[in-house]
Amino acid sequence: MTKNNPSSKRFGSTARIVTLIILLMILSGTDLFLLGVTIVSKPLAIIIALAFAIISGIPALPLWSRITGSDKRWLCYLTHVVVTAPLAMCIFLSINLFATPDSRFTDTKTVVTRIYSETRHTTRRVSRRTYVQGDPYKVYFAEVCLPSGRLKSISINNRQFRRLHKGDTITLKIGRGALGLPVIRRRGVTVNIPESHYRVR
């Protein structure tokens, strides 16, 4: 048996890189969803998650050295920060949302202040280590004014995007999360708009 086979090492390194990329994509998508239903400043949430990742980086270096297969401290530290920040945010926001009892949620009327869409792109894999930008697609949002006066953007579907306009009322289930941050439970959105206001964009 040949020890320390270079091709085996390359395969193991590639597998770890691909796994981390997939993990980051999953975490990023989950964080976007959780931030979308949590009433919190996105920059503040990102800063806190980064601060936690930066502070916890040094003690975690031996672990990341084993995971990455590298003895380079800067690489291990950078990998820790890049992975731990979205992971910490995901864990915190998930507990805050999913550990919240139904009794905390109440129907809250909010007023639409803006309707808008964004163009995003899929990610396409072209080789083991290379991912490129794929086809574009549209995502739709309604910015609403909460009773506190704070503005919050929520995701909506294409049908709601075509029906809603500024000044319409949306009833959302809002409650204080298990860890203190207010959250929106998205089990359908009640759109209180007359049929005559329907328009095609």
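This is a predicted model: local features need pLDDT of at least 70, side-chain atom pairs count only at pLDDT 80 or more; totals for chains, interfaces and linings use all residues.

Student: OK, how many salt bridges does a search of the whole structure find?
Tutor: The search finds four salt bridges, and one of them joins Asp102 to Arg185, whose closest N and O atoms are 2.2 Å apart.

Student: And where do Asp102 and Arg185 sit in the chain?
Tutor: Asp102 is in the loop between helix H4 (73–98) and strand S1 (106–125), whereas Arg185 belongs to strand S5 (residues 182–192), so that the pair links distant parts of the chain, 83 residues apart.

Student: Next one: what does Asp107 pair with?
Tutor: Asp107 forms a salt bridge with Lys173, with the closest N and O atoms 3.0 Å apart. Since Asp107 lies in strand S1 and Lys173 in strand S4 (residues 169–176), the pair ties together parts that are 66 residues apart in sequence.

Student: How accessible is Lys173?
Tutor: Lys173 counts as partly exposed at 39% relative accessibility, whereas Asp107, at 56%, counts as exposed.

Student: Switching to Arg120, which side chain does it meet?
Tutor: The side chain of Arg120 meets that of Glu118 in a salt bridge, at 3.2 Å from N to O; Arg120 is partly exposed, with a relative accessible area of 29%, and Glu118 is partly exposed as well, at 31%.

Conventions
Residues are numbered from 1 along each chain as its sequence is written. Side-chain values use heavy atoms; hydrogens and water are left out. Helices (H or I, at least four residues) and strands (E, at least two) are DSSP runs, numbered from the N terminus. Buried means under 20% relative accessible area, exposed over 50%, partly exposed in between (1.4 Å probe, protein chains only).
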